[in-house]
Amino acid sequence: MNWKTEWKPLFWIIVVFTGCFFLPVDMPRVQAALIESLYLVRWYAREHVLLCLVPAFFIAGAVAVFVSQAAVMKYLGPKANKLLAYGVAAVSGTILAVCSCTILPLFAGIYRMGAGLGPACAFLYSGPAINILAIVLTARILGPEMGIARAVGAILFAVIIGLLMHFFFRHEEAEKAAAAPLMGEEDAGRPLWQTALYFASMVGILVFANWGKTAETSGLWHDIYAAKWWITAGFSIALAVMLATWFKLGFGRILLAGLPALLMAVILPQHPELAFTFGVIGLSLLSNLKSTRDGEMGAWFEESWDFAKKILPLLLIGVLIAGVLLGRPEHEGLIPSAWVASLVGGNSLGANLFASVFGAFMYFATLTEVPILQGLIGAGMGKGPALALLLAGPALSLPNMLVIRSVMGAKKTVVFVLLVMVMATVSGLIFGAFF
């Protein structure tokens, strides 16, 4: 036996065995942390997998099938116009009410299709941080200066982080750019306006199915929330019509596949997620019919399933780990929340850095970061660290990091995470000095 190669497996076996042997399962805090992780992953499965991730997987699969690689390279590739590429990537998140996990399939889709590292990272960072609901809620609850700083900081730092990622890995980007001219022209098989409407319908389903409830009982945002399932149904019908006509599935098949969803909506209107589930099942079955599985529909489902099986397990594992360490909002994991509150007071470098690191590892669902910050500010958190957490938290999370690593590699992931933390820390220091 060659111990020069076998010592590493032996070392890790000893480490894992020792950890299991001395596992402090009798400690109340450890027991509570394990329970918190299970609660968190159950909440995540109920609130985010079906309504957030499933539509995102279908959109990412559609990008892979219906958007030509030449088109992605033209607008987001390494040789694309920088102003256009970074501008679109940095502001596109304003219409996507998604959290860090939901942006991942979309990021993976455009990156795998050939988007430049810089624009892809700008999209990955800004997408969860600047959706219009989060900005408005931040301004209303934490003050207009915080809302403006969050919006400006997210867009500005998305561009800076994207440019720095491009600079640090410029040699790999140069190789990608050198290969770009070898790609063919855009496929004109389907008019651009049809493709745009097709994607708009899916984005509409994603956005309005996840539209959050507001504290107010009147006003535009409340009215949209009250009608969100009617709006979602409208986008679903539009998608069904497109599939029936442009994709030549026929109205008979569409009606048959959508009938269970319609029945659920009529029988159990108080549980719209059931109708949504049956709609997803119907679409999946349509894509796997003998007459469709070898065509565009089959390819669409295959790509969507490929994203799901690669991303979802990593996200669930990450949520479990985050639950053990940090718990749910207003519940504690292994790390006491009192430590967090005591370390983010004032506007020191340490407080801002800790806030950005804490935000980067904790999982924040869409809009939940605002009430969490409201409680931390009430416990003495400074405004600078609050902004640092706002700019790092929604864009990153431990589950998010695991998936990013699988998409673009460990080295790029580490650099991206460090850049997010540094930018968030700097922004907190500057903001805290003025406010």
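The crossing of helix 15 and helix 20 is right-handed, meaning that the near helix is turned clockwise from the far one. This is a predicted model, in which local features need pLDDT of at least 70, side-chain atom pairs count only at pLDDT 80 or more, and totals for chains, interfaces and linings use all residues. Residues are numbered from 1 along each chain as its sequence is written, and side-chain values use heavy atoms, without hydrogens and water.

Helices are DSSP runs (H or I, at least four residues), numbered from the N terminus. The two helices pack at about 145°, with axes 7 Å apart. Axes are lines fitted to C-alpha atoms over the stretch in contact, and angles run from 0 to 180 degrees between N-to-C directions.

Contact means heavy atoms within 4.5 Å.

| Helix | Residue range | Residues in the contact |
|---|---|---|
| Helix 15 | residues 296-326 | Ile311, Leu314, Leu315, Gly318, Val319, Ile321, Ala322 |
| Helix 20 | residues 398-408 | Leu398, Pro399, Asn400, Leu402, Val403, Ser406 |

The contact residues divide into ten nonpolar, three polar and no charged. Gly counts as polar here.

Helix 15 also gives the most to a nonpolar surface patch, with three residues. Ile321, Trp339 and Leu343 are among the patch members, which together have about 610 Å² of accessible area. Patch residues have over 30% relative accessible area and no salt bridge, with nonpolar side chains joined within 5 Å. Areas come from the Shrake-Rupley method with a 1.4 Å probe.

The structure holds five salt bridges (Lys or Arg side-chain nitrogen within 4 Å of an Asp or Glu carboxyl oxygen). One joins glutamate 303 and arginine 112 at 2.4 Å, N to O. Glutamate 303 lies in helix 15 and arginine 112 in helix 5, 191 residues apart.

Note on methods:
Patch = residues over 30% accessible without salt bridge, like charges linked within 9 Å, V, L, I, M, F, W, Y side chains within 5 Å.
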